[in-house]
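Thanks, everyone, for making time this morning.

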Amino acid sequence: MSSEYILEMRNISKQYGENAVLTDVTLNVRPGEIHALLGENGAGKSTLMNVLFGMPVIHSTGGFQGEVLVDGESTHIASPHAALDKGIGMVHQEFMLLDGFTITENIKLNREITTPSIVSRVFGKNLETLDMKAMRKDARKALDSVGMQGLDEFMPVAGMAVGHKQFIEIAREIDKTGIRLLVFDEPTAVLTESEAEQLIGVMKNIAQSGIAIIFITHRLDEVIQATDSVTILRDGKLVESKQTKDTNIIELAELMIGKKGEAMVDLPERTSPLTDTFAMSIKDLHVDMAGEEVQDVSIDIRKGEIFGIGGLAGQGKIGIPNGIMGLYEATGDVKLFGEPLELNNAGSALKKGLAMVSEDRRGVGLLLDQSIEDNIVFNAMQVNGEYLTGLKPIFTQKNGREIRKHAKRMIEELDIRCTSSVQHAGTLSGGNQQKVCIARALTMNPKFLFVSEPTRGIDIGAKKLVLETLVKLNRQQGMTVVMVSSELLELQSICDRIAIVSEGKVVDILSPHASGADFGLAMSGIKPTKEGADV
Amino acid sequence: MRKSFDLKSFLTKNAVTIMFVLLCILCYSFSGYTLSGLIGQMVDRLTRNAFIVLALIIPIVAGMGINFAITIGAMAAQIALLWVMEWQIPGVQGFLVAALLTLPIATFFGYLVGKLLNQMKGQEMIGSLILGYFATGVYQLLFLFVFGNLIPMTAPNLVIKGSTGIANTLDLKPLNMMYALDDIWKLSFDRALYVVAGLFIAYALIRYLLKKLDFKALIRAVVTMVVICAAIQIPVVKGWFATIRIPMVTMFVIMLLCVFNVAIMRTKLGQNFRAVGQNGVVANAAGINVNRTRLIAIIFSTVLAGWGQLIFVQNMGSLQTYGAHEQVGLYAGAAILVGGASIVKATNGQALLGCLLFHLLFLVAPAAAKNVFGDPAIGEYFRVFVSYGVIAVALVMHAWSSHVKAKPENAIKEAGKLATDNT
């Protein structure tokens, strides 16, 4: 007996500790359909898929509530291997291919066809000889079925175009016998337009052969173009599940982003309105930061404004501050208060009055084994030579009294929760670590502050405090602030303007009061027109 | 379409090997060795050392770098040998019993080494190196205190006279174990060549009959062999090889290991070695048990190294109880790198070539130094300096090339490039 759905995930809920990441989510997929799973970062897409594949991260954190039915039967999927046994396969976002192996070897990885020999009869199955000929034939078939007729199955994967690798990855999944459901995790993210089209063609072919597909993507046009039905998640909750033909791209964008929520902080009025003098002019900026590439970004940031940079993860928004601060290799023209800024030189960027609160708190942001006060004054000491006494400039010593005084003031001002200013930074909670980072940036007396993902991984109360701190700095000291964040709501609540970055480029600069649809379309790389998107 | 020969990339890829060839030629010209004398010495050294170098290949393929812990395999062999001497088993039987005894001991040691190396992924080389030093201490405790003291030894000359512990040097001659393997069957060089050529032709013929080789390739193989056998008839050439006798059994054992190294890579297990070696994450995602595969690789390597050490010792004729194993890992590692292997890729050919070049330099460098500087010690210094230097160079080159390779691994950029190419 076959049920209407190949996969039903009923009322799935999942908490990580106190933090609910999925609440009562239901996903139904019919055999042979392409089902889009849509949502922003953090909407719960990957957690839902982790539940489906029985990933260790789910089980080690207390499992989940709800029920998973495969082909109408309630099942317990304990591991990715068990998922495969049930006929559920995954096309990974990052390639699971071995560069030194040929295409054939990759497609047949750990599913090699072997023939027994005398040795293997004695010492076991592991010593059976590989049957390259049979493996090659299977690989050829799989490659043909994904439309890669021109690709030699004996070519090594190393040096192959990303697009081809993606298709090999798919061919491998198809080659697995008994596959009934395939999950594509943002497969088009690394493809060129023509390749993406080809991929969608292949997906349709696969679906026609009766295999259901879950298509995780943030490109709305592809959802419309390729899928039969769509499920939209937001903040771990099911927003809507409907037939693709009953909806359109604008509605999808709106559903994905949602209505503008309550402002998180109160914005005091500016004493003087913003002028058109630019604090920073960025022209043709390229940044070579793996996974967060920036390609040809030009933005002008007005003096005294809070400028937001948003977009989905991995699209390049984090690369912008990192590139300008000289942490990653960058090219382009950046002017700070009219003066050209030397790129690829972190020291000079700091000297010029730029400061940055890094998104990587534990990596480059903080010296975890050092005290809070040392962390706060570290840059000022190293770069500006402040907080030093002794015989300058060679035999210098830390000026302990000054440092402590300053640290105490900062701890008070930013409300850093700690036992004393000599507590190690590594023992603080995430939110308080973030405040130490901000304190350090402020100690540089910056004229221009980059804040990258300031609220990542900290609780809601701390979030509010961080945002309020930024607003206070801006309003009281007139500091220009650029905030990079994946959370649109935060950007909307404090920014004057928000640039949305997709695939390394600025798609659009929007007002915080723009509609959810505009933001949603921009995030999937479509620039909205004045009257709404032109579909 | 074949790629045209690129001289520059050939030179950079084989820089170490080429440097060694040049060094060997230079030292040879000052060494005063005659060619025939040199060839005789080299045959000796190759049959003595090649096996242990070949034992390094599997861990390299499995992504664990050079297994310096083969030292521990050598210790296992020496423990086995000690007991064979205690039991007074003579000649070939003694050698075989030692080999058999080495198997469980080295397997156990290899298991422990593998377990430890699995805890320190990415640091295997330094790990195995230090582990070798550590094991030397345990070995000394075992040989100075446990054997001959807690466990008494009865055979003559095993224990230090008037003291406890195993003697510094164990002589294999009284038990007829010197050349136990080498002397089973020895042939003069030209006869050995005929045997090998005959086997090669037979192998080609079988492959042809199984339709795995076309007729042209068969003819080519036969003609090559005949030409080589004819070349040896030229009096000058014959002169070079006149005094050389080849230990056929030892050579066959080495050839067998080469065949084994190739054959294992064509099995499921070999495919797992290669997969794990290239990328543990991907292999794991495909369901391969990464830790187990690495464990097996190290066990293989340790056991093979033990047997290699036995071959070495029977050729030397005596066992330096406390020193024979010490430099094994270092010299074998340097040799395989000289042959053009890297810490991520190695073949039989590279191991054999490296062994040849490395030991050639060992021979000619002190002789050349003696002739030029009047002091063979300079040549000694030189070869020690060279063996460490080679390893350092190989590590730097690996770090450098993987750094260069890592650069263009940039998905979006490549996709962008592709897009512009398409338009």
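This is a predicted model: local features need pLDDT of at least 70, side-chain atom pairs count only at pLDDT 80 or more; totals for chains, interfaces and linings use all residues.

Residues are numbered from 1 along each chain as its sequence is written, chains are lettered from A and ligands numbered from 1 in the order in which they are written, and side-chain values use heavy atoms, with hydrogens and water left out.

On the chain B side, 29 residues are in contact with 32 residues of chain A, contact meaning heavy atoms within 4.5 Å. The area buried between chain B and chain A is about 2,600 Å², and carbon and sulfur atoms give 58% of that; buried area here is the accessible area (1.4 Å probe) that two parts lose on being put together, summed over both.

Across this interface of chain B and chain A the rule finds 2 salt bridges, each being a side-chain nitrogen of Lys or Arg within 4 Å of a carboxyl oxygen of Asp or Glu. Glu112(A) forms a salt bridge with Lys268(B), with 2.9 Å between the closest N and O atoms.

Turning to the cysteine, is Cys27(B) buried or exposed? Cys27(B) counts as buried because its relative accessibility is 9%, where buried means under 20% relative accessible area, exposed over 50%, and partly exposed in between (1.4 Å probe, protein chains only). Leaving aside neighbours within four places in sequence, Cys27(B) is in contact with Leu361(B), Val364(B), Ala365(B) and Ala368(B).
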